[in-house]
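Reader: I should like to learn how to read a structure of this kind, feature by feature. Would you take me through one, giving the general idea before the particular case?

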Amino acid sequence: MTDPQIALMMLGLFIIFVFLGFPIAFTLMAMGIGFGYYAYYDAGRMWRSFDRLDETASSWDSWSLWFEGFYNNRIFDLFVNQTFTVMSNEVLTAVPLFLFMGYIVERSNIVDRLFTTLNIASKNIPGSMGVAALITCALFATATGIVGAVVTLMGLLALPAMLKARYDPSFAAGIICAGGTLGILIPPSIMLIVYAAATNVSIVRLYAAALLPGLTLVGLYLVYIVGRSLLQPSAAPKPTDDEVPDVPMGKLIWLIITSFVPLAFLIFAVLGSILFGLATPSEAASIGALGGIFLAFIYRAMTWQRMRESVYLTVRTTAMVCWLFVGSYTFSAVFSYLGGEHVISEFVQSMNLTPIQFLILAQLIIFLLGWPLEWSEIIIIFVPIFLPLLEVFGIDPLFFGILVALNLQTSFLTPPMAMSAYYLKGIAPPELRLTQIFSGVMPFLFCVILSMVLMYAFPQIVFYLPELFYGR
C-alpha cells in the first residue's frame with residue numbers, strides 16, 4: 001500500500017473505532033502514535049547506537065540499545081511537542097475560566113428567578129411562557145455554553161410549568177431543546193474558542209462575527225413561537241392569573257433588576273470587554289468567573305459543595321478538551337505526513353465545485369458527522385481537514401466557522417441522535433415520549449437551516465460587525 005492509501009485507512013479505522021464506542025481522545029493518540037511509528041520509521045537513525053558496540057559487549061548492552069532505538073522514533077518527539085503546544089496555547093486558557101463561570105452560574109439559583117420574572121413580564125405576548133423559556137435558555141446558554149446543563153436545568157424548571165399551563169408537550173419540549181443549544185453559537189462560546197485554537201482565526205473577530213447570526217437564530221425561534229401561538233392557540237394557551245399572577249409595575253421592575261439585569265450585565269461585560277479590546281478573552285473569562293462567584297454569593301447560593309462540584313466539572317471538561325487537541329494534533333500531523341490531506345484536496349478539486357457547492361458539501365458532511373460525534377470532536381478533528389481547501393475556493397475561515405457553529409446546532413436537534421432530546425427525556429415526565437420531543441424540535445431545525453440560507457444569501461450578517469469594529 002502507498003502512504004496516501006495508509007492515511008485513508010487510518011481515517012477509516014478511526015471512524016470505525018468511534019462507532020464501536022472507543023474513547024475518542026485516546027483513540028486519536030493511539031492511532032496517531034501507531035501509524036506515526038510506521039510513517040517516521042527509520043532503522044538507520046533509530047538503531048545507530050549499535051555502531052558503538054564492540055565484540056566484548058554483553059547481551060544486556062545489546063538489549064538496552066535495542067530498546068533505546070525502539071523509542072528513538074520521531075513520533076514520540078512529535079507527541080511530546082504537540083502536548084506542550086496545546087498546554088501552552090494562550091487561546092485555550094480561556095476555556096477553563098469560561099467553563100468555571102458557567103458551572104458557578106448554573107448552581108447559583110439565577111435561572112429560577114430569571115424564568116419567573118420573564119414569565120411575568122411577557123404575560124400578554126402570545127406564547128408568553130414559551131417566549132420566556134427561550135429567552136431564559138438563550139441567556140443561560142450564553143453564560144454556560146454547556147448544552148446538557150441548560151437543557152436539563154430548564155427541563156426541570158420550565159417544562160413542568162408549561163405542561164401545567166396546558167402547552168402542547170412537543171411544542172414545549174422543542175422550545176427547551178432548541179434554546180439549550182444556543183450557547184455553542186452565541187458568544188462567549190466555548191465552541192468558538194476551540195475553533196479559533198484549531199484554525200488560528202482571531203477569537204475576537206470570531207465573537208464579533210457570531211453575534212448577529214446568533215441573534216438572527218434567536219429571532220427566528222421567537223417568530224416561530226409567537227406565530228404558532230397565534231395560529232394555534234391551543235398549543236400555547238394564555239396563562240391564567242393563578243398560573244402567572246399580575247404584579248404592579250414597580251414590583252416587576254424590581255424583579256427585572258434583581259434577576260435579569262445581573263446575569264445580562266455579567267454576559268455583556270465579559271463580551272463587551274472582549275469586543276472593544278478592553279481585555280483578552282482569557283482576562284475577560286477570569287472576570288466572568290469572578291463575577292459568577294459574586295452573583296452566587298449575592299443570591300446566597302454559594303456553598304463549599306457547589307464550589308467543589310464546579311471546580312471538579314471544570315477540570316474534567318478542560319482535560320477532555322486538551323487531550324482531544326493533543327490526540328487530534330498528533331493524528332492530523334501523521335495523516336498529513338502520509339499524504340492524506342493531499343489526496344482529499346485533489347479529490348475535492350477534481351469535482352470542479354463552485355465555492356457555494358463546496359460549502360454545501362462541507363456543511364452536509366459536518367451535519368452527518370454531528371449524529372455520532374460531539375461538536376468538540378468535529379471541530380478539533382474534521383474541520384482542519386477542510387481548512388486547506390478554503391483558500392482554494394476563496395472562502396474566509398471566519399465565514400466558514402460561523403456556518404459550522406450554526407450547523408452544529410442541528411447535531412443536537414436531528415433525530416435519531418439528537419442529544420438535546422435525550423437530555424430532556426432523561427428528566428421529563430414519563431408520559432412525554434421521545435417521539436413527541438423529536439417532532440417538537442423539527443420546526444426549530446428548519447429555523448436553523450433557514451438561518452444558514454440567510455448567511456449564504458447575505459454574508460454581511462457575518463462580516464458586518466468584525467469590519468465595523470476592526471476593519472477588513
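Reader: What share of the contacts in the protein with a separation of 6 or more comes from residues 24 or more positions apart?

Author: The idea is to sort contacts by the distance along the chain between the two partners. In this predicted model, residues 24 or more positions apart account for 80% of the contacts with a separation of 6 or more.

Reader: Which individual pairs illustrate this?

Author: Ala264 and Phe140 are 124 residues apart along the chain, and their C-alpha atoms are separated by 9.4 Å. Thr354 and Phe393 are 39 residues apart along the chain, with 7.4 Å between their C-alpha atoms. A further pair, Phe358 and Phe386, is 28 residues apart in sequence and 9.9 Å apart in space, C-alpha to C-alpha.

Reader: How many helices and how many strands does the protein have?

Author: The secondary structure is read as a list of elements. Here that list comes to 22 helices and 0 strands. The radius of gyration is 25 Å, close to the 23 Å that the globule rule gives for 472 residues, so the protein is as compact as a globular protein of that length. Along the principal axes, the C-alpha trace spans about 100 × 55 × 50 Å.

Reader: Where is confidence lowest, and where is it highest?

Author: Where pLDDT is low, the predicted coordinates should not be read in detail. The mean pLDDT of this protein is 82, and 94% of its residues reach 70 or more. Confidence is lowest in helix H3 (residues 43-46), at a mean of 66, whereas helix H12 (residues 203-231) has the highest, at 90.

Reader: What percentage of the residues in the protein is buried?

Author: Burial is judged from relative accessible area, and a residue under 20% counts as buried. Buried residues make up 54% of the 472 residues in the protein. The accessible surface comes to about 21000 Å², and 68% of that belongs to carbon and sulfur atoms.

Reader: Why does Ser328 count as buried?

Author: Ser328 is buried because its relative accessible area is 1%, and the cut-off is 20%. This serine is placed in helix H15 (residues 304-337). Not counting residues up to four places away in sequence, Ser328 touches Leu28, Ile380 and Ile381.

Reader: Which residues are in contact with Phe358?

Author: For a buried side chain, one lists the partners beyond its sequence neighbours. Phe358 lies in helix H17 and counts as buried, at 1% relative accessibility. Leaving aside neighbours within four places in sequence, Phe358 is in contact with Val348, Leu353, Phe386, Leu389, Leu390, Phe393 and Ile395.

Reader: Is Thr354 buried or partly exposed?

Author: Thr354 is partly exposed, with a relative accessible area of 39%. This threonine lies in the loop between H16 and H17.

Reader: What is the phi of Asn352, and what is that of Arg166?

Author: Phi of Asn352 is near 55°, a positive value in a residue other than glycine. Asn352 is found in the loop between helix H16 (340-350) and helix H17 (355-369), and counts as exposed at 66% relative accessibility. Arg166 has a positive phi of about 70° although it is not a glycine. Arg166 lies in the loop between helix H9 (147-164) and H10, and is partly exposed, with a relative accessible area of 43%.

Definitions and conventions:
Residues are numbered from 1 along each chain as its sequence is written. Side-chain values use heavy atoms; hydrogens and water are left out. Helices (H or I, at least four residues) and strands (E, at least two) are DSSP runs, numbered from the N terminus. The radius of gyration is taken over C-alpha atoms; the globule rule is 2.2 Å times the number of residues to the power 0.38. Buried means under 20% relative accessible area, exposed over 50%, partly exposed in between (1.4 Å probe, protein chains only). Contact means heavy atoms within 4.5 Å. Accessible areas come from the Shrake-Rupley method with a 1.4 Å probe; for residues, only the protein chains shown count as cover. pLDDT is the predictor's confidence in each residue, from 0 to 100.
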